Amino acid sequence: FQVRPQNPRGLSALPAPAAMASPAISPDSSSHEALSSVNSAPACSPTSDSENLSPDELELLAKLEEQNRLLEADSKSMRSMNGSRRNSGSSLVSSSSASSNLSHLEEDTWILWGRIVNEWDEWRKKKEKLLKELIRKGIPHHFRAIVWQLLCSATDMPVKNQYSELLKMSSPCEKLIRRDIARTYPEHEFFKGQDSLGQEVLFNVMKAYSLVDREVGYCQGSAFIVGLLLMQMPEEEAFCVFVRLMQEYRLRELFKPSMAELGLCIYQFEYMLQEQLPELNIHFRSQSFLTSMYASSWFLTLFLTTFPLPVATRVFDIFMYEGLEIVFRVGMALLQFNQAELVQLDMEGMSQYFQKVIPHQFDSCPDKLILRAFQVKYNPKKMKRLEKEYAAIKNKEMEEQIEIKRLRTENRLLKQRIETLEKESAALADRLIQVASKIADFLFSA
């Protein structure tokens with residue numbers, strides 16, 4: 001992939017797929033997100049893995065790190081970078097200098113990501129830590145389509161050649177897909193209107209997948225993920241990426257009819273809640289506020305139905321590289337951030353708080369959410385142990401259900417046997433009465 005942009009800010013020169021994106025995640029706002037990011041994890045300095053970097057790359061990364069250092073040191077400068085450009089005597093970066101630095105940094109970031117895409121194999125093998133750090137800071141908007149495809153290895157999939165043929169076939173899920181499409185990003189221009197291009201291509205991708213994977217077919221919620229992909233790339237590419245996500249990112253298990261994987265995720269998340277926020281966990285239990293009531297949609301739609309698109313897309317960037325771990329991290333970060341308020345509310349109040357307050361807390365600064373998420377304690381070994389525990393619990397429940405079913409069947413058969421015996425007994429009694437009557441008649445006549 002030869003990405004050689006000559007004019008970082010010349011948006012008219014971009015290819016059509018990139019221009020398809022939501023106004024909510026416009027090129028400017030998304031680029032500014034990426035450039036004004038606070039370090040979202042323990043910093044990986046510009047000199048780490050330096051033996052694998054060229055002098056130019058070191059210089060570009062140094063500029064990014066310096067800008068991040070200034071932004072982290074002064075929250076006012078961060079706000080000015082995100083659109084509220086107010087001069088502040090205490091700010092380390094004034095409005096004019098921030099604008100100037102942003103201009104140069106935007107161009108540098110564009111060049112850096114162009115180089116990453118062109119040298120993808122080398123970056124994945126030799127500069128993995130730096131690539132992870134840059135993805136956590138946000139993939140620039142106009143690189144998302146190609147970077148997402150590269151991250152999940154969806155650039156050359158055989159299933160892409162089947163796509164046009166799949167669209168000619170009929171699917172048993174078509175009515176269900178049609179019903180749900182109008183509810184997917186209803187306020188987004190691309191999907192607004194029954195005959196919109198967005199709704200048509202979304203239907204195509206969902207229908208094609210339901211034919212490729214008949215066990216899963218169509219599951220409500222998956223359309224939000226496909227919709228986001230369609231904002232970035234044409235439908236054939238979106239279809240390939242979705243197939244890869246379902247195969248390799250645990251999504252297929254989440255969307256299976258049994259939804260057993262969702263149960264596992266909720267079980268693991270509850271353990272983290274109990275361990276890290278015991279007071280909030282006790283409050284939730286006292287109010288019968290179940291984890292599934294607020295967290296199910298986090299896992300099924302990867303926060304796409306929780307946050308506005310600019311914030312949700314930043315989470316999705318990380319998901320594409322690090323998988324479902326980011327959902328656990330962001331979910332716990334939200335609860336940590338809001339614990340003091342939540343413990344004061346009853347069930348109804350908490351439901352309203354999750355719907356109206358939490359989604360917009362990080363609109364102006366998604367970096368704050370990402371930073372908080374990577375401060376959450378997450379132990380992969382514990383999660384694996386919990387997975388085994390959950391499997392053992394489910395196996396035991398299944399065995400108990402089998403035993404209960406066996407006992408119920410046995411009980412039903414015994415009832416049937418008793419009913420049969422009662423009928424036989426009644427018939428025998430009637431027969432005895434008849435015989436006794438005949439004997440009595442005989443004796444009387446004699």
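Reader: How many disulfides does a search of the whole structure find? After that, please look closely at helix 8 (residues 144-151) and at how helix 8 packs with helix 12 and with helix 18.

Author: A search of the whole structure finds zero disulfides, a disulfide being a pair of cysteine sulfur atoms within 2.5 Å. The model is a predicted one, in which local features need pLDDT of at least 70 and side-chain atom pairs count only at pLDDT 80 or more, while totals for chains, interfaces and linings use all residues. Residues are numbered from 1 along each chain as its sequence is written, and side-chain values use heavy atoms, with hydrogens and water left out.

Of the 446 residues of the protein chain, 49% count as buried. The chain has 22 helices and zero strands, these being DSSP runs numbered from the N terminus (helices H or I, at least four residues; strands E, at least two). Among contacts between residues at least 6 apart in sequence, 76% join residues at least 24 apart, a contact meaning heavy atoms within 4.5 Å.

Turning to the part you asked about, helix 8 packs against helix 12 (residues 222-232) at an angle of about 125 degrees, with the two axes 8 Å apart; axes are lines fitted to C-alpha atoms, for helices over the stretch in contact, and angles run from 0 to 180 degrees between N-to-C directions. Helix 8 and helix 12 are therefore oblique to each other, since angles under 35 degrees count as roughly parallel, over 145 as roughly antiparallel, 65 to 115 as roughly perpendicular and the rest as oblique. Where helix 8 and helix 12 meet, Arg144, Ala145 and Trp148 of helix 8 touch Leu228, Leu229 and Gln232 of helix 12. By class, this contact of helix 8 with helix 12 has four nonpolar, one polar and one charged residues, with Ala, Val, Leu, Ile, Met, Phe, Trp, Tyr, Cys and Pro counted as nonpolar, Asp, Glu, Lys and Arg as charged, and the others, Gly among them, as polar.

Helix 12 itself is largely enclosed by the rest of the structure, because eleven of its eleven residues are buried. Among those buried residues of helix 12 are Leu228, Leu229 and Gln232, which are the residues that meet helix 8.

With helix 18 (residues 309-322), the axis of helix 8 comes within 9 Å and crosses at roughly 30 degrees. That makes helix 8 roughly parallel to helix 18. In this contact Arg144, Trp148 and Leu151 of helix 8 meet Thr313, Arg314, Phe316, Asp317, Met320 and Tyr321 of helix 18. The residues of the contact of helix 8 with helix 18 divide into five nonpolar, one polar and three charged.

Note on methods. Buried < 20%, exposed > 50% of the residue type's maximum accessible area, 1.4 Å probe, protein only.
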